[in-house]
Amino acid sequence: MRVDRLVRCMRWPLAVSVCIAARAASGQVPQGLDSATAAAIAPIVEQARNEKLPIAPLYAKAREGEVQHVPVSKIAAVVRTLADRMRTANEALAPGASEQELHAAADAIKSGVGPETLRAMREAGGDGSLAVPIGVLTQLIARGVPVERASMEVVTLLRKGAVAKNFIALEETVRQDVLAGRRPDESLDLRLKGIIPNLPQSATDAAGLNASSPRRPR
Amino acid sequence: MHDINEEGDEMISRIVAELKTLPPVPADATARVLARVDAARRSEGTSRFGRRFSISLPAAIGYAVAATLAGFLIRGAVPRHPSEPTPRGIASAPVGETLGIRTPIVPAAANTRALEEAPVKVQFVLEAPRAKSVTVVGDFNAWDGSRTPLDRDSTTGVWSALVDVHPGRHVYAFLVDGKTWTLDPNAPRTKDLDYGTTQSVLMVGMR
């Protein structure tokens, strides 16, 4: 009988898959975490999963604490804070933020960037990934550029059609200037003068054309 | 001279005589032989699996349902690997209906982002001639040192590794001999506000 043969071939793969599913469903997914840490963050991870947030960054944050021998209670508190930041980032970057964007946005929020800036970036950035622009924003703030100033300039760059390589170039030149002794905000002023005129939207503006909803080129 | 034809005729005559004396073949002989062969096959199956495997149609359907359930559980419970460039939002994307098949409509933006966020190879280098082992830990490898050991150049004592990293800002450190937190001397540094440690910073652009 054909069904008999089919089932005979499939019974071991089926048994294995059922075992894996049962193990995964019971929450015993191996993440290389200490059992006490895993237990402490389990409710936070479960809630994030229910909200369809990526849970890998939460496990990674817990592991970061373990590598640095941080107490479990502190790790749990940090993971909870990260989940809150990701929730905020997810709402600000909706719809359909990628995991890399959420990772970057959660870091930016940690540095003081507000959700309104993230929303403006999404609006200005079109379909492109914001992982690099948000990362550069965070790094400019870490270098000492005031949050409001850095946020405003990054949104302006996106509106003018800046792409990842423009942001990376900006960050690198500011880094070199700061190493050379220039103040971070002075350096930002200087380097923006070199980048903005070459952006697509700047050329449109210079030609007297009005594009109400600029989009980054692909 | 011996006559061969005469001897052959005698031999044939004897064979014919012997065959005529064989008992008649029973009418059910063929059926009985086949039954014995079938029984032998059954006994072979018993020795390998304890008993011959047989299953009814309802049981087969039960297996199929179990497999489907297992698939749903795995999809729902196992987290995606962090290095997967799968765009979020696809799972919750609107659903279109074509000829009865429900197909998720993947926004073009998700595809664009997934392409832009494809990982690029980054080389990590640390000069540590007296180290016995060096690994790099960072947010790109979930802070798991076992994932990314560096290889030592025996002539220079320089450790290095090529790692797939997504575009964006990343923080990391080296773990020397499995325990010593070591910053990259060639990279910018930042103070982590969560755990209070100092980390090296890496900015990765797109391919």
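Here is a short chat about a predicted model of chain A.

Trainee: What are the elements of chain A, from the N terminus on?

Mentor: Let's start with the tally: chain A has 11 helices and 0 strands. Read from the N terminus on, then, the elements run α-α-α-α-α-α-α-α-α-α-α.

Trainee: How much of chain A counts as buried?

Mentor: To count as buried, a residue needs 20 or more other C-beta atoms within 10 Å of its own. Go through the 218 residues of chain A with that in mind, and the share that counts as buried is 42%.

Trainee: Leaving aside neighbours within four places in sequence, which residues is Ala89(A) in contact with?

Mentor: Skip its neighbours within four places in sequence, and its contacts are Ala97(A), Leu102(A), Ala105(A), Ala106(A), Ile109(A) and Leu118(A).

Trainee: How many residues of helix 7 of chain A are buried?

Mentor: Helix 7 covers residues 131–143 and reaches 18 Å from its first C-alpha to its last, close to the 18 Å expected. Its buried residues include Pro133(A), Gln139(A) and Arg143(A). Helix 7 is mostly covered, and the count of buried residues is 12 of its 13.

Trainee: Which residue just after helix 7 takes a positive phi?

Mentor: Helix 7 runs over residues 131–143. Just after it, with a positive phi of about 120°, comes Gly144(A).

How values were computed:
Residues are numbered from 1 along each chain as its sequence is written. Chains are lettered from A and ligands numbered from 1 in the order in which they are written. This is a predicted model: local features need pLDDT of at least 70, side-chain atom pairs count only at pLDDT 80 or more; totals for chains, interfaces and linings use all residues. Two residues are in contact if their C-beta atoms, placed from the backbone, lie within 7 Å. Helices (H or I, at least four residues) and strands (E, at least two) are DSSP runs, numbered from the N terminus. The expected span of a helix is 1.5 Å times one less than its number of residues.
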